[in-house]
Amino acid sequence: MTASEDVVSPAVPTALRPEPFWEPLRLRLFRFFWMASLASNLGTWIHEVGAGWLMTTLEGSPEMVAAVRTSMALPIVFLAIPAGVLADRFDKRRLLMMTQSLLLLVTATLAVLTWSGHITAWGLLMLTFVMGLGMVVHVPTWQSAIPELVPRNQISRAVGLGSISFNLARTMGPAIGGVLIAVLGIWSTFAINACTFAGVVVVLFLWKRTARESSRGRSFAASLRQGVRYVAMHRVMRNVMIGVVFFVLPGSSLWSLLPLFAKTELGWGSSGFGVMVACVGAGAVMGAALLPRLRHRFGSDRLVAVAMGMFASGLFVMSWSPRWEILLPAILVMGAGWMATLTTLNATAQITLPPRLRARGMGCYLTMMAGSMATGSFLWGQIAGRIGLGGAFQVAATAMVATAFAGLAFPLATRLDD
């Protein structure tokens with residue numbers, strides 16, 4: 001079998017109706033994993049609200065407040081591929097238990113230090129950076145374990161359900177975090193997150209895993225080169241990476257400019273900004289129900305192109321700074337487009353990658369996504385500073401329409417609902 005032949009081929013007649021998107025939840029182990037993931041994602045968003053607010057009370061400069069998120073994100077940009085090598089060489093269950101135990105310890109420490117009043121600004125950044133190190137090992141390991149929890153024909157649904165858990169958490173987490181801060185104090189947001197990590201550890205104890213990893217006699221550096229080379233040489237994986245850049249680079253304009261857009265163009269406060277973020281998450285959740293049916297009917301390539309077009313249309317609407325009755329539905333559509341595009345690309349990668357290289361491949365995926373997001377955020381900030389927010393959104397929308405058409409020249413060549 002050649003590199004271009006190991007993609008999924010249809011195993012059932014395409015006339016058959018696809019199974020519902022929640023089908024993987026019928027599997028007991030995946031259901032436990034999904035519930036633990038939902039709780040963990042919720043805890044993460046609650047934690048982010050608490051960490052950001054805590055920094056404003058310790059050191060209120062914009063640079064230090066922004067540094068909280070940077071300290072969490074930097075390990076993902078630079079260490080996701082080495083973390084994938086680690087996950088392909090060591091037992092995934094044990095590695096996940098180690099990372100969750102580390103994250104539990106860090107968040108519990110942060111809760112105690114905050115509660116006792118001994119936390120400092122640099123202490124917060126240091127602990128947040130350690131959390132980033134734990135997360136950079138956890139994410140590719142967790143994602144590469146999904147194909148072991150569900151049948152091959154349900155991987156795309158499992159990935160979509162993961163996206164739902166993330167967006168549900170993004171919709172509810174900030175609001176819950178705000179209530180906890182007001183009622184119990186900032187320390188409670190970190191304590192809740194520590195409890196969610198403990199829940200994941202319990203679920204991992206229930207996983208009676210039989211698969212085993214092996215270095216196959218290769219050094220760490222040789223394993224890293226093998227993973228990168230496979231992604232670069234395999235046509236479908238290469239096209240997935242191109243698709244990530246084509247979408248995230250213009251799409252990052254939303255996330256980098258949304259706070260400023262809400263404040264300066266709309267005159268909304270933090271609550272209005274929270275509503276807009278919640279709408280993105282709600283759109284992703286609503287779109288998830290239609291995703292398997294649309295992918296089954298149109299295929300991955302046309303679906304991604306249409307989803308990118310939906311996102312671009314939302315950017316065009318935002319460039320006009322319309323009334324909320326028009327703006328919020330447009331943001332819902334953008335949420336659905338964001339989820340459909342990245343879920344399809346992510347699932348294609350997980351199905352295409354062989355088990356022995358899956359974590360390394362997902363590490364490459366995460367690196368490409370984080371790098372495109374960071375580059376795009378800088379780019380759109382510079383463009384907005386020169387031509388204004390409306391002009392930046394128009395340029396981003398035009399660029400995404402162009403990349404949507406260009407992406408058709410780099411087909412994924414796979415069906416995900418077989």
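A residue counts as buried when its relative accessible area is under 20%, as exposed when it is over 50%, and as partly exposed in between, with a 1.4 Å probe and protein chains only. By that rule R360, at 5% relative accessibility, is buried. The structure is a predicted model, in which local features need pLDDT of at least 70, side-chain atom pairs count only at pLDDT 80 or more, and totals for chains, interfaces and linings use all residues. Residues are numbered from 1 along each chain as its sequence is written, and side-chain values use heavy atoms, with hydrogens and water left out.

**Overall build**

The protein chain contains 12 helices and 0 strands, where helices (H or I, at least four residues) and strands (E, at least two) are DSSP runs numbered from the N terminus. Of its 418 residues, 53% count as buried. If a contact is taken as heavy atoms within 4.5 Å, residues 24 or more positions apart account for 88% of the contacts in the protein chain with a separation of 6 or more. The protein chain exposes about 18,200 Å², of which carbon and sulfur atoms supply 70%; accessible areas come from the Shrake-Rupley method with a 1.4 Å probe, and for residues only the protein chains shown count as cover.

**Salt bridges**

Side chains of opposite charge can pair when their charged atoms come close. A salt bridge here requires a side-chain nitrogen of Lys or Arg within 4 Å of a carboxyl oxygen of Asp or Glu, and a search of the whole structure finds 4 of them.

Because R360 lies in helix α12 (residues 358-407) and D88 in helix α2, their pair ties together parts that are 272 residues apart in sequence. Salt bridges that share partners join D88, K92 and R360 into one network. D88 is buried, at 3% relative accessibility, and K92 is buried as well.

**Around helix α7**

Q226 is located in helix α7 and is buried, with a relative accessible area of 14%. Leaving aside neighbours within four places in sequence, Q226 is in contact with R218, R356, L357 and R360. Two of these residues, R218 and R356, also belong to a surface patch of positive charge, together with R225 and R229. R225 is itself part of helix α7, which covers residues 220-233. Patches are made of residues with over 30% relative accessible area and no salt bridge, like charges being joined within 9 Å and nonpolar side chains (Val, Leu, Ile, Met, Phe, Trp, Tyr) within 5 Å. Lys and Arg count as positive and Asp and Glu as negative, while His and the chain ends are not counted; the place of a charge is taken as NZ of Lys, CZ of Arg, CG of Asp or CD of Glu.

**A nonpolar patch**

On the surface, L74, F78, L79, F129 and L133 form a nonpolar patch with about 440 Å² of accessible area together. The elements that give two or more residues to this patch are α2 (62-89) and α4 (121-149), and α2 gives the most, with 3 residues. L74 sits in helix α2 and counts as partly exposed, at 38% relative accessibility.
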